[in-house]
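Visitor: I have a model open and want to go through it. Can you walk me through the main points?

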Amino acid sequence: MVPANYFTPLVAKAKEIGRELDIETAFFGHAGDGNIHICVIREDQSDEEWEQAKADYEARIYPLISDLGGLPSAEYGIGLEKKEHLGDFFSEDDIDVFRAIKRALDPNNTLNPGKIFDL
């Protein structure tokens, strides 16, 4: 469970980062179980501008989430989009344990290959 004082500073700082990067943001979630969804909203940027703006936002938001005691994902898992930020939240030793569990439960890497991390 995230700290009780997590949501207000996260939303405030995430909005501030969005303004600095000229990205519109929206927030919704499940405060009772500690989940918040941060939506970055594309407006009239070109594909290249949008990908760069989104990458810049993520490079700042994931360390903030970690610093505030949160995690990068909840009910939907890490998947492909957030896997490059896993190191903001877990040590390399933790990730090695995750990999060992994956290898033990899925030795042929047939279940969602490439998700979370590459084996």
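**Backbone, surface and helix packing**

Visitor: Asp22, buried or exposed?
Guide: Asp22 is exposed, with a relative accessible area of 61%. Exposed means over 50%, buried under 20%, and partly exposed in between (1.4 Å probe, protein chains only). This is a predicted model, where local features need pLDDT of at least 70, side-chain atom pairs count only at pLDDT 80 or more, and totals for chains, interfaces and linings use all residues. Residues are numbered from 1 along each chain as its sequence is written, and side-chain values use heavy atoms, with hydrogens and water left out.

Visitor: What is the phi of Asp22?
Guide: Positive, about 60 degrees, although Asp22 is not a glycine.

Visitor: And where is Asp22?
Guide: In the loop between helix H1 (7-20) and strand S1 (24-30). Helices (H or I, at least four residues) and strands (E, at least two) are DSSP runs, numbered from the N terminus.

Visitor: What about Asn109, what is its phi?
Guide: Near 55 degrees, again a positive value in a residue other than glycine. Asn109 sits in the segment after helix H3 (92-105) and is partly exposed, at 25% relative accessible area.

Visitor: Switching to the surface. Which residues make the nonpolar patch?
Guide: Val97, Ile101 and Leu105 make a patch of about 310 Å². Patch residues have over 30% relative accessible area and no salt bridge; like charges are joined within 9 Å, nonpolar side chains (Val, Leu, Ile, Met, Phe, Trp, Tyr) within 5 Å. A salt bridge is a side-chain nitrogen of Lys or Arg within 4 Å of a carboxyl oxygen of Asp or Glu. Areas are Shrake-Rupley with a 1.4 Å probe, and for residues only the protein chains shown count as cover.

Visitor: Where does Leu105 lie?
Guide: In helix H3. Leu105 counts as exposed, at 68% relative accessibility.

Visitor: Helix packing next. What is the angle between H1 and H2?
Guide: About 165 degrees, with the axes of H1 and H2 (residues 47-67) 10 Å apart. Axes are lines fitted to C-alpha atoms, for helices over the stretch in contact, and angles run from 0 to 180 degrees between N-to-C directions. That makes H1 roughly antiparallel to H2, a label used for angles over 145 degrees.

Visitor: What about the whole fold, how many helices and strands?
Guide: Three helices and two strands, in the order α-β-β-α-α from the N terminus. The C-alpha trace spans about 45 × 40 × 20 Å along its principal axes. Of the 119 residues, 28% are buried.

Conventions:
Angles under 35 degrees count as roughly parallel, over 145 as roughly antiparallel, 65 to 115 as roughly perpendicular and the rest as oblique.
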